[in-house]
Amino acid sequence: MLGGSFNPAHEGHLHVAKAARRALRLDQVWLMVSPGNPLKRRADMAPFAERLASAARLADGRRLVATGIESALGTRRTADTLAQLRRRFPRARFVWIMGADNLAQLPRWHRWRDIAAAVPIAVLPRPGETRAALAGRAAHVLRHARIAARRAASLAGSPPPAWIWLPARENPLSATALRARKARAPRGIQGDRP
């Protein structure tokens, strides 16, 4: 599961999803579009349907699936979503996929230790975020649960807490930069891609 606002979804999300699916040997990656991230300003969010549609444009519907399941479950926080998903899909082996920026912010997430105790976590690098993420509180608290990158294929079957730093090419795209570029574009010229 690659959760996020997807405001909008972009090639960087696709890069992370594909790199994680290959390295971790996952059957699928869900682009799990949040109906409302409690850590982000609502005023900056595009409508949920628009964000879900942008994720669906990246998905192939087979290996990469865009989903608004949090909206259907009525959850807004990752810990609550994971608890619901584990009840609904008791035999599934979920992995939470995140960028380095989210590992650095993880201690701000509601019940973040419960998240780490619920599912294995895969962390991929983001430009300018690696050092802070690996030196941050979450990485320190969970240092005993870190798995070597060479064992990436075993992460999905590892009992949590378990996490891995997946070395991958860094993708510089960000939804914030795309929104800023779109806002600066002359009227009539729009698009999510560079």
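Rings of Phe, Tyr and Trp (its six-membered ring) pair if their centres lie within 6.5 Å, with planes under 30 degrees apart counted as stacked, over 60 as edge-to-face and the rest as tilted. The views below show a predicted model, in which local features need pLDDT of at least 70, side-chain atom pairs count only at pLDDT 80 or more, and totals for chains, interfaces and linings use all residues. Residues are numbered from 1 along each chain as its sequence is written, and side-chain values use heavy atoms, with hydrogens and water left out.

**View 1. Aromatic pair of Trp-30 and Phe-89**. A search of the whole structure finds four aromatic pairs. In one of them, the ring centres of Trp-30 and Phe-89 are 6.0 Å apart and the planes stand at 75°, so this pair is edge-to-face. Because Trp-30 lies in strand E2 (residues 29-33) and Phe-89 in the loop between helix H4 (78-88) and E4, the pair ties together parts 59 residues apart in sequence; helices (H or I, at least four residues) and strands (E, at least two) are DSSP runs, numbered from the N terminus.

**View 2. Aromatic pair of Phe-89 and Phe-94**. With centres 6.2 Å apart and planes at 75°, the rings of Phe-89 and Phe-94 also form an edge-to-face pair, and ring pairs link Trp-30, Phe-89 and Phe-94 into a cluster. Phe-94 is buried at 10% relative accessibility, whereas Phe-89 is partly exposed at 35% (buried means under 20% relative accessible area, exposed over 50%, partly exposed in between; 1.4 Å probe, protein chains only).

**View 3. Strand E4 (residues 96-99)**. Trp-96 and Met-98 point one way, Ile-97 and Gly-99 the other, and all are buried.
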